[in-house]
Amino acid sequence: MSAQNKSHGRKAIRPSFKPRELMTPTPDLVGVWKAKIMTLFPNAFPGILGESLTGKALQEGLWQLETIDLRQFGIGKHRNVDDTPAGGGAGMVLRADVLGDAIEHTMAGAVGNWPLIYLSPRGRRMDQALMQDLARCDGVTLLCGRFEGVDERVLQHYGIQEVSLGDFVMTGGEIAAQAMIDATVRLIPGVLGNHASTEEESFSSGLLEHPQYTRPAEWKGQTIPDVLMSGHHGRIAEWRQKMSEDITKARRPDLWQAHQDRKTSD
């Protein structure tokens with residue numbers, strides 16, 4: 001049975017202003033986590049999300065992806081989506097009326113726990129806790145900005161959460177959106193295939209992950225630590241815990257302090 005056939009019987013039926021295709025290669029599946037992306041560059045998706053495990057999971061219907069082209073909500077013959085900043089200044093700003101129409105169209109089909117996020121350098125930095133929260137949602141809508149950003153009134157009116165990939169500025173939010181989706185989708189049951197892998201990786205316990213090794217046993221004069229070759233699971237676990245603590249203390253003192261604070265409060 002193909003991945004497409006397995007999805008039959010779960011297609012959601014909702015009113016729409018646009019005619020719905022009788023058959024579609026990506027039907028809207030009921031009860032499946034979905035990412036809706038509002039962007040000026042819909043062809044940028046799925047991008048890397050269509051490869052490897054996330055791509056396989058997308059084909060199998062474990063998660064869904066929908067792109068909404070902001071240009072279709074543009075104003076006038078040329079579908080303008082932006083204008084000059086009020087008060088002057090360089091660059092262009094995405095218009096409130098354009099974004100408002102796009103958001104209301106996109107969120108009309110979003111039910112349940114469905115956050116609306118704007119990828120912005122001034123937002124909360126992405127972390128594992130955020131991805132875990134998003135993975136427990138019914139879906140997420142991501143607004144990818146361009147130019148100098150979006151009209152502030154849009155963010156206030158719709159209560160949009162701002163989230164940042166890091167303390168730097170990019171030309172748009174599409175790469176940040178793909179990073180957020182990748183980090184979230186991999187937490188959905190069945191995507192990775194091995195649930196233990198998400199329990200032992202960096203940030204799952206508030207610490208960075210311990211070093212990993214594999215064959216060959218010796219490479220360029222360097223050997224795998226003896227404890228990992230001992231077969232003693234208790235000692236291996238102790239070694240991995242110590243390595244995680246040492247690496248976290250050395251590389252991320254902020255994480256180490258937070259980890260110590262949690263241990264004290266417990």
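1. Ile117 is buried, with a relative accessible area of 0%, where buried means under 20% relative accessible area, exposed over 50%, and partly exposed in between (1.4 Å probe, protein chains only). This residue lies in strand β5; helices (H or I, at least four residues) and strands (E, at least two) are DSSP runs, numbered from the N terminus. Not counting residues up to four places away in sequence, Ile117 touches Leu134, Val140, Thr141, Leu142, Leu143, Ile160, Gln161, Val163 and Met180, contact being defined as heavy atoms within 4.5 Å. Between the C-alpha atoms of Ile117 and Val140, which are 23 residues apart along the chain, the separation is 7.5 Å.

2. On provenance: the model is predicted, local features need pLDDT of at least 70, side-chain atom pairs count only at pLDDT 80 or more, and totals for chains, interfaces and linings use all residues. Residues are numbered from 1 along each chain as its sequence is written, and side-chain values use heavy atoms, with hydrogens and water left out.

3. Overall composition. The secondary structure of the protein comprises nine helices and nine strands. Of its 266 residues, 39% count as buried. Among contacts between residues at least 6 apart in sequence, 71% join residues at least 24 apart.

4. Strand β1 (residues 34–39) is mostly covered, six of its six residues being buried. Lys34, Lys36 and Met38 point one way from β1, while Ala35, Ile37 and Thr39 point the other way, and all are buried.

5. Which strands pair with β1? Two strands are taken to pair if DSSP finds at least two bridges between them. Strand β2 (residues 64–69) runs parallel to β1 and is joined to it by six bridges; Gln64 in β2 is the bridge partner of Lys34. The chain crosses from β1 through helix α2 (residues 52–59) to β2, and this β-α-β crossover is right-handed, a term that applies if, with the strands pointing away from the viewer, the path from the first strand over the helix to the second runs clockwise. Strand β6 (residues 139–144) also pairs with β1 in the parallel sense, over five bridges. In β6, Val140 stands opposite Ala35.

6. Helix α2 has Thr54, Gly55 and Ala57 as its buried residues. They cover an arc of only 160 degrees around the axis, which puts them on the same side of α2; the arc is that of the directions from the helix axis to the C-beta atoms. Ser52 and Gln59, on the other side of α2, are exposed. The cover over the buried residues of α2 includes α6 (174–185). After α2 comes Gly61, whose phi is positive, near 80 degrees.

7. Helix α9 (residues 253–265) has 13 residues and reaches 18 Å from its first C-alpha to its last, close to the 18 Å expected at 1.5 Å a residue; the expected span is 1.5 Å times one less than the number of residues. The buried residues of α9 are Leu255, Trp256 and His259. Seen down the axis of α9, these fall within an arc of 100 degrees, so they line one face of the helix. An α-helix has 3.6 residues a turn, so residues three or four places apart point the same way. Pro253, Thr264 and Ser265 are exposed on the face of α9 turned away from its buried side. Helix α8 (233–251) is included in what covers the buried residues of α9.

8. Which residues have the most contacts inside the largest nonpolar core? They are Trp63, Met126, Leu142, Met180 and Ile181, in a core of 25 residues. A nonpolar core is a set of buried Ala, Val, Leu, Ile, Met, Phe, Trp, Tyr and Cys residues joined through side-chain atoms within 4.5 Å. β1, β5 (116–125), α4 (128–135), β6 and α6 each supply at least two residues of this core. Helix α6 gives the most, with six residues. A second, separate core of 18 residues includes Leu40, Leu70, Leu94 and Leu116.

9. Met126, leaving aside its neighbours within four places in sequence, is in contact with Leu119, Met131, Val163, Ser164, Leu165, Ala176 and Met180.

10. Asp151 lies in the loop between β6 and α5 (152–157). Is this residue buried or exposed? Asp151 is buried, with a relative accessible area of 16%. Its contacts, leaving aside neighbours within four places in sequence, are Val93, Leu94, Arg95 and Ala96.
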